[in-house]
Amino acid sequence: MNVLVTGGAGFIGRWVVKKLLSENVNVWVLDNLSNGSEQNLVEFDQINNYQGLTIGDISDISCVERVFKTQFDVCIHTAAQINVQESLDNPHKSFRVNMVGTYNVLSCALKSKTKVILIGTCMVYDMATSDGISELSSVKPASPYSGSKLAAEELALSYYYGFGLPVTVLRPFNTYGPFQKTNMEGGVVSIFVQNHIAGENLKVFGDGTQTRDLLYVEDCAEFIVRAAFSENSAGEVINAGTGRDISINDLALLICRDLNRIEHVKHHHPQSEIQKLLGSFSKAQKLLGWKPKTPLEEGIAKTEQWIKTDYS
Ligand SMILES: NC(=O)c1ccc[n+]([C@@H]2O[C@H](COP(=O)([O-])OP(=O)(O)OC[C@H]3O[C@@H](n4cnc5c(N)ncnc54)[C@H](O)[C@@H]3O)[C@@H](O)[C@H]2O)c1
């Protein structure tokens, strides 16, 4: 099995690479290192099935065509512009990377009949009701990030319906764990854990009542790899939530255990905030036999351990 992972030097991508290598798959990575790093991949250098990193941009068609000279069975497309604030500051970049980049991947995949696993996001959904978000829940492009990710999904599915290309859209909920950055390009768990370790206040945007359904990254990688090898996933949109959400206030308290260190600050982009994100995994369980394994407390402890010992 030959698999290309775009964005494989990034946070989720490197865990997907690790999982694929543990299953003896031959893995190639394409990444422009705009938010990933070669350091995230060094531990794979000695593994025979790891075929290496091409440093290149998915929005450059000639680069994507060069990479697709290898015949891949599956392309797991994780590369994206991921920062909501950056998408508001520079929507053109979201358009170029998330839409043009995805088009380039799809057009090369079509020529070589390569299955595409598009990593979408829960950030395309409108706010959850108390029942949580299913794949049929309504969507709302609250920022150019989510708008461009939704457009990429639609484009990908058009290749399934229009050309019969096997395409699957996966929507993981907010993912956290080791290798996630602790700055604004990272995620709330790693930022709070870093603040906690450094003895700094944890800054909560807005009133902190907004909730997140937090998925541990190794569970996310397993979900993605199962979908990549599944016979049942073509043409499907599949969520990966944990079925539990937590407010940002409660998350901050869980991490630092001290109300005095929680500081509420003005939200940078309240208009693009989603008040309640709570996902289900029932479709993923039915189609892929997947369910999340890692409780939030355990995932936070693993993240803290990694930041303390390995993150520089
Ligand atoms: N982190 C989350 O909570 C989360 C949740 C759901 C979905 N997602 C999706 O998962 C995917 C990966 O997210 P992540 O959190 O690992 O982010 P990340 O930024 O760590 O990974 C993305 C990778 O893509 C690379 N990249 C960006 N632009 C590129 C380009 N033009 N050409 C080639 N490579 C490029 C970056 O260098 C980076 O290594 C994204 O598609 C994101 O939308 C993330």
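The protein contains 10 helices and 13 strands, where helices (H or I, at least four residues) and strands (E, at least two) are DSSP runs numbered from the N terminus. The structure is a predicted model, in which local features need pLDDT of at least 70 and side-chain atom pairs count only at pLDDT 80 or more, while totals for chains, interfaces and linings use all residues. Residues are numbered from 1 along each chain as its sequence is written.

Along the principal axes, the C-alpha atoms fill a box of roughly 55 × 45 × 40 Å. Buried residues account for 49% of the 312 residues, a residue being buried if 20 or more other C-beta atoms, placed from the backbone, lie within 10 Å of its own.

The ligand is surrounded by 30 residues, of which Gly7, Gly10, Phe11, Gly36 and Ala80 are the closest; a residue is counted as near if its C-beta atom, placed from the backbone, lies within 6 Å of the molecule. Helices α1 (11-22) and α4 (91-112) each supply at least two residues of this shell, and α1 gives the most, with three. By residue class, the shell divides into 12 nonpolar, 15 polar and three charged residues, with Ala, Val, Leu, Ile, Met, Phe, Trp, Tyr, Cys and Pro taken as nonpolar, Asp, Glu, Lys and Arg as charged, and the others, Gly among them, as polar.

Strand β6 (residues 167-172) is mostly covered, six of its six residues being buried. In a regular strand the side chains alternate between the two faces of the sheet. Both faces of β6 are covered, with Val167, Val169 and Arg171 buried on one side and Thr168, Leu170 and Pro172 buried on the other. Strand β5 (residues 115-119) runs parallel to β6 and is joined to it by four bridges, strands being taken to pair if DSSP finds at least two bridges between them; Leu170 of β6 is the bridge partner of Ile119. Four bridges also join β6 to strand β11 (residues 237-240), again in parallel, and Val169 has Val237 of β11 as its bridge partner.

Helix α7 (residues 217-229) is likewise mostly covered, with 10 of its 13 residues buried, among them Val217, Asp219, Phe223 and Ile224.

Notes: Buried ≥ 20, exposed ≤ 12 C-beta atoms within 10 Å, placed from the backbone.
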